[in-house]
Amino acid sequence: MRKLILAAAVALFAPASFAPTAFAADCTSDVPKGDLTLEQAAGLYDCIKGKLRESYGSKDAPYAKEYQSWKAASTGPAAPGPHGNRFLMTFVNETGFDEYVKYSEERGAMPVGSVIAKESFNLSKKNVVKRGPLFFMEKLAEGEAPDHMDWKYSAVQPNGKVMKVKQGFCSGCHNAYEDQDALGYPDEDVRLASQ
Ligand code: HEC
């Protein structure tokens, strides 16, 4: 009985990182970054996810906690590419979700108030998973940011602090996707199938 009580107390008060479902202390991979399959990348994401979200949300940056209840707009992390050659995982708020997951190449503007979040992580040369920044795009009312196709760009550092973002740096690349309202969309192999 005493043992049971002790176990319950430990379970209640142990920090999240000791929870039984969590990741190993160091999320390492046997496979180098370039050779990871989608399943292996998803496994690494599962390992880092808790830690990633805890730190993104630790300083109350706008949307950094809220996005964690939004639906994922891909089946798993997209392979490294834009955004510093990191793995990317996309989430969209309720206002924008249905429109976003059409992944339309000829879309009208996304609904005003749509917010898209993108978590990122990387694998170091020693094959250890590293946290990357959290990126956001928020759709403003028509005419509010004409140079940026009415999107507001922002980002949060892995430690939870708001990152300084030059709108023109982000839109300089995103505006190239002008037929799809500046959206790049996740890689095709991780898009939701039913759309
Ligand atoms: C070099 C080009 C480039 C730059 C610079 C860039 N992005 Fe992206 N971004 C992309 C591409 C391509 C995608 C889609 C890739 C994916 O999701 O796998 C994307 C996706 C996104 C998404 C998910 C919505 C979408 O487009 O489908 C967000 C949010 C985002 N970027 C935010 C930002 C922010 C904030 C910045 C500036 C700090 C930024 N991006 C800078 C190319 C870029």
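The ligand of this predicted model sits in the largest pocket. A pocket here is an open set of points on a 1 Å grid over the protein atoms alone, where a 1.4 Å probe fits, with protein on both sides within 12 Å along at least five of seven lines. To sit in a pocket, a molecule must have more than half of its atoms within 2 Å of the grid points. Because the model is predicted, local features need pLDDT of at least 70 and side-chain atom pairs count only at pLDDT 80 or more, whereas totals for chains, interfaces and linings use all residues. Residues are numbered from 1 along each chain as its sequence is written, and side-chain values use heavy atoms, with hydrogens and water left out.

The surroundings of the ligand come first. Its shell holds 22 residues, the closest being His83, Lys118, Cys170, Cys173 and His174; a residue is near a molecule if one of its heavy atoms lies within 4 Å of it. Sorted by class, the shell has 16 nonpolar, 4 polar and 2 charged residues. In this scheme Ala, Val, Leu, Ile, Met, Phe, Trp, Tyr, Cys and Pro are nonpolar, Asp, Glu, Lys and Arg are charged, and the others, Gly among them, are polar.

An oxygen atom of the ligand lies 2.3 Å from an N or O atom in the side chain of Lys118. For the side chain of Tyr100, the corresponding distance to a ligand oxygen is 2.5 Å.

Helix H3 (82-85), strands E3 (115-123), E5 (134-139) and E6 (151-156), and helix H5 (167-174) each supply at least two residues of the shell. Helices (at least four residues) and strands (at least two) are DSSP runs numbered from the N terminus. H5 gives the most to the shell, with 4 residues.

The largest pocket holds about 690 Å³ of space, a volume being the space filled by probe spheres set on the grid points. Its lining comprises 32 residues, those having an atom within 4 Å of a point, and Pro82, His83, Leu88, Lys118 and His174 are the closest to its centre. H5 also provides the largest share of this lining, 4 residues.

The second largest pocket has a volume of about 210 Å³. Of its 16 lining residues, Pro62, Lys152, Tyr153, Ser154 and Ala155 lie nearest the centre. E6 contributes the largest share of the lining, 5 residues.

Aromatic rings remain to be considered. The whole structure contains 10 aromatic pairs, meaning rings of Phe, Tyr or Trp (its six-membered ring) with centres within 6.5 Å; planes under 30 degrees apart are stacked, over 60 edge-to-face and the rest tilted. The rings of Phe87 and Phe121 have centres 5.0 Å apart and planes at 10°, so this pair is stacked. Phe87 belongs to strand E2 (residues 87-92) and Phe121 to strand E3, so the pair ties together parts that are 34 residues apart in sequence.

Key
Polar contact = N/O pair within 3.5 Å; in protein donor to acceptor, adjacent residues only side chain to side chain.
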